[in-house]
Amino acid sequence: MLVDTGSGDRAIERSAQACHRGRSATPCAECAARPVSVCSVLAVPELRELEALSQHLTLDKGQALFRQDEPGDAVYNVIEGSLRLTRLLPDGRRHIMGFALPGDFLGLALAERHAVSAEALGPVLTCRFGREDFAALLEAKPHLLRSLHARTGAELMLAQDQMLLLGRRTAEEKVVAFLLGLRNRYARTGRSSVTVELPMGRQDMADHLGLTIETVSRMLTRLDRAHLILIVPGGVRLLDVERLERLAAS
């Protein structure tokens with residue numbers, strides 16, 4: 001059923017039952033995102049405990065999973081699709097902190113309210129867990145907590161890389177590093193390909209990289225003309241990964 005939360009464009013289809021009902025006996029074990037998610041360390045019997053706490057949420061493009069400053073009463077595991085994580089600055093400008101892909105957990109910060117908004121870039125499927133229920137499960141499953149700590153450490157490294165990306169690189173290096181980083185993240189979800197899908201628009205890329213949309217477009221065109229990438233519908237094809245990696249490392 002559709003539940004209108006009163007956030008305007010935010011209408012989320014919430015399953016009225018837990019994820020596992022009406023499906024196979026162990027849907028979490030069959031989840032495509034499980035191998036790259038923190039729950040990959042759980043055995044099948046433990047997955048049933050996780051399923052008992054979960055609820056599927058589906059979003060259409062442009063809908064919000066949650067918004068900045070809303071109460072953070074749940075955590076979410078991205079199963080399908082991608083979301084942009086945005087923060088509205090005091091002067092009204094928007095900054096895109098990053099993009100969530102399958103296997104990512106959102107809402108894990110200890111703050112009582114969300115520091116960012118999470119908006120769907122296309123159709124999205126997530127699992128929702130009440131924060132208190134999920135915290136109790138972590139306490140009961142130390143190996144799940146260790147997996148979560150490992151993921152948090154990896155995300156901290158990504159944040160540090162992002163600081164370097166924004167502060168010390170040219171516009172061309174920023175765009176190349178972004179494309180290679182996205183390619184590597186897709187590869188971890190089993191989507192290894194020379195074609196990098198770009199569900200985000202060029203304005204989203206610009207807001208994430210601290211550039212203008214004109215600069216992002218110009219850099220992509222330059223890389224295309226240099227035969228380093230090929231711009232294709234919905235993304236780019238990486239034609240010379242070695243040269244791109246040398247550019248990103250310069």
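Start by selecting α6 and α7: Arg202, Gln203, Met205 and Ala206 in α6 meet Ile213, Val216, Ser217 and Leu220 in α7. Contact here means heavy atoms within 4.5 Å. Helices (H or I, at least four residues) and strands (E, at least two) are DSSP runs, numbered from the N terminus.

Before you go on, note that this is a predicted model, where local features need pLDDT of at least 70, side-chain atom pairs count only at pLDDT 80 or more, and totals for chains, interfaces and linings use all residues. Residues are numbered from 1 along each chain as its sequence is written, and side-chain values use heavy atoms, with hydrogens and water left out.

Stay on the helix pair. The axes of α6 and α7 come within 8 Å and cross at roughly 105°, so α6 is roughly perpendicular to α7 (65 to 115 degrees counts as that; under 35 is roughly parallel, over 145 roughly antiparallel, the rest oblique). Axes are lines fitted to C-alpha atoms, for helices over the stretch in contact, and angles run from 0 to 180 degrees between N-to-C directions.

Zoom in on β6 (83–88) and β9 (117–120), which are joined by four bridges; Leu83 has Ala120 in β9 as its bridge partner.

Now for the core. Show Phe178 and Leu198: of the 29 residues in the largest nonpolar core, these two touch the most other members. Such a core is a set of buried Ala, Val, Leu, Ile, Met, Phe, Trp, Tyr and Cys residues joined through side-chain atoms within 4.5 Å. Buried means under 20% relative accessible area, exposed over 50%, and partly exposed in between (1.4 Å probe, protein chains only). The largest share of this core, eight residues, comes from α5. Around Phe178, pick out Phe99, Leu198, Met200, Met205, His208 and Leu209, its contacts once residues up to four places away in sequence are set aside.

Trace α5 itself from end to end: its 18 residues reach 26 Å from first C-alpha to last, close to the 26 Å expected at 1.5 Å a residue (that is, 1.5 Å times one less than the number of residues). Just after α5, Gly190 takes a positive phi of about 90°.

Another glycine to click is Gly234, with a positive phi of about 85°, in the turn of the β12–β13 hairpin, where two residues separate the strands. The strands run antiparallel with four bridges, and Ile231 stands opposite Val236 in β13.

Two single-residue stops remain. Thr126 is in β10 (124–130) and, at 1% relative accessibility, counts as buried. Its contacts beyond four places in sequence include Gln55, Leu65, Tyr76 and Ile79.

Last, go to Glu46 in α2 (44–53). Is Glu46 buried or exposed? At 16% relative accessibility, Glu46 counts as buried. Leaving out residues up to four places away, Glu46 touches Val41, Lys141 and His143. Draw a distance to Leu137 too: the C-alpha atoms of Glu46 and Leu137 are separated by 9.9 Å, with the residues 91 apart along the chain.

Methods
Two strands pair if DSSP finds at least two bridges between them.
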